[in-house]
Amino acid sequence: MTNALVLAGGGVAGIAWELGVLRGLADADPALAERVIAADLVVGTSAGSTVAAQVTSGVPLDDLYQVQLDPETTEMEVDVDTEKLFTEYGAVLAGASDPQEARRRLGSLALAARTVDPAVRLAAIDARLRVKRWPDRDVRLPAVDAETGEVVVFTRESGASLVDAVAASCAVPGVWPPVAIDGRRYVDGGVRSMTNADLAAGAERVLVIQPSLEGAPQPWGDLDDEIAALAPAAVVVISADQASVDAFGTNALSPATRGPSARAGRAVGAAHAEAVAALWT
């Protein structure tokens, strides 16, 4: 395995922003963007699982980007203050004995929460994906068993449909319902880590795209530790700038963030093209 693309979580805004970053790379160097999208391994967490499924589907990148600019959308509106949500998570996690216990607690919160009908949410995820089948390459989409806190990485060999796997990885605890797959219920892969970059272990070159400020602490997981676990791989991280964070606003799950986030990501991608080109051969 040579090249890996890691796409982090970040809500509906994160989907638009990551597609914007890739579109910005294409602005600067179309061939470079094509090589990045053709990565041997793609790891996608939460929002990143959607982007992973989209960019490996064969649908042209510009088509995927333009969808983010369309005011008409099948995305579901939900009134969430992202900062307040993570404060509530912190209260739930206080005193957890280890990471798996922390994940189990968040799973319990998700199982008890009143949210939309699972079928309605699944339909919204289905509408994101023009192509519903797994691509014929290594795509890894992490999620967390809501009852045990165990991490599961869905792949084309796992038996789960692509739509179900993306929905599971995007099931934000307390906001969206857990996703049932083969008798188990799963929540957001971001409960383990918003990046899960260590799942790209074995790659020689890794590009991480994360819709958060450089050095910003994750609520759980640690990107620096994950990058250390990738050694001796060469790693480049593209992080959000302040203009991007401003575009995300206080509710990164709102469809209203899509256009501003996509445009902000496009500027960031173009600005990082030289660094990516130096990494990606």
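Which residue in β3 is the bridge partner of Val43? It is Arg140, and the views below, all from a predicted model, show where this pair belongs.

**View 1. The whole protein, made of helices and strands.** Here you can find twelve helices and eight strands. The radius of gyration is 17 Å, close to the 19 Å that the globule rule gives for 281 residues, so the protein is as compact as a globular protein of that length. Its C-alpha trace spans about 50 × 45 × 35 Å along the principal axes.

**View 2. Strand β2, covered on both faces.** Let's zoom in on residues 41-44, which form β2. In a regular strand, side chains alternate between the two faces of the sheet. On one side of β2 sit Leu41 and Val43, on the other Val42 and Gly44, and all of them are buried. Across the protein, buried residues make up 54% of the 281 residues.

**View 3. Strand β2 with its partners β1 and β3.** Strand β1, residues 3-7, pairs with β2 in the parallel sense over four bridges. Look for Leu7, which stands opposite Gly44 of β2. Strand β3, residues 138-145, also runs parallel to β2, and three bridges join the two. This is where Val43 meets its bridge partner Arg140.

**View 4. The surface and the charged side chains.** The accessible surface comes to about 11600 Å², and carbon and sulfur atoms account for 51% of that. You can look for 22 positive and 38 negative side chains; the centres of these two sets lie 4 Å apart.

Key
Residues are numbered from 1 along each chain as its sequence is written. This is a predicted model: local features need pLDDT of at least 70, side-chain atom pairs count only at pLDDT 80 or more; totals for chains, interfaces and linings use all residues. Side-chain values use heavy atoms; hydrogens and water are left out. The radius of gyration is taken over C-alpha atoms; the globule rule is 2.2 Å times the number of residues to the power 0.38. Buried means under 20% relative accessible area, exposed over 50%, partly exposed in between (1.4 Å probe, protein chains only). Accessible areas come from the Shrake-Rupley method with a 1.4 Å probe; for residues, only the protein chains shown count as cover. Lys and Arg count as positive and Asp and Glu as negative; His and the chain ends are not counted. The place of a charge is taken as NZ of Lys, CZ of Arg, CG of Asp or CD of Glu. Two strands pair if DSSP finds at least two bridges between them.
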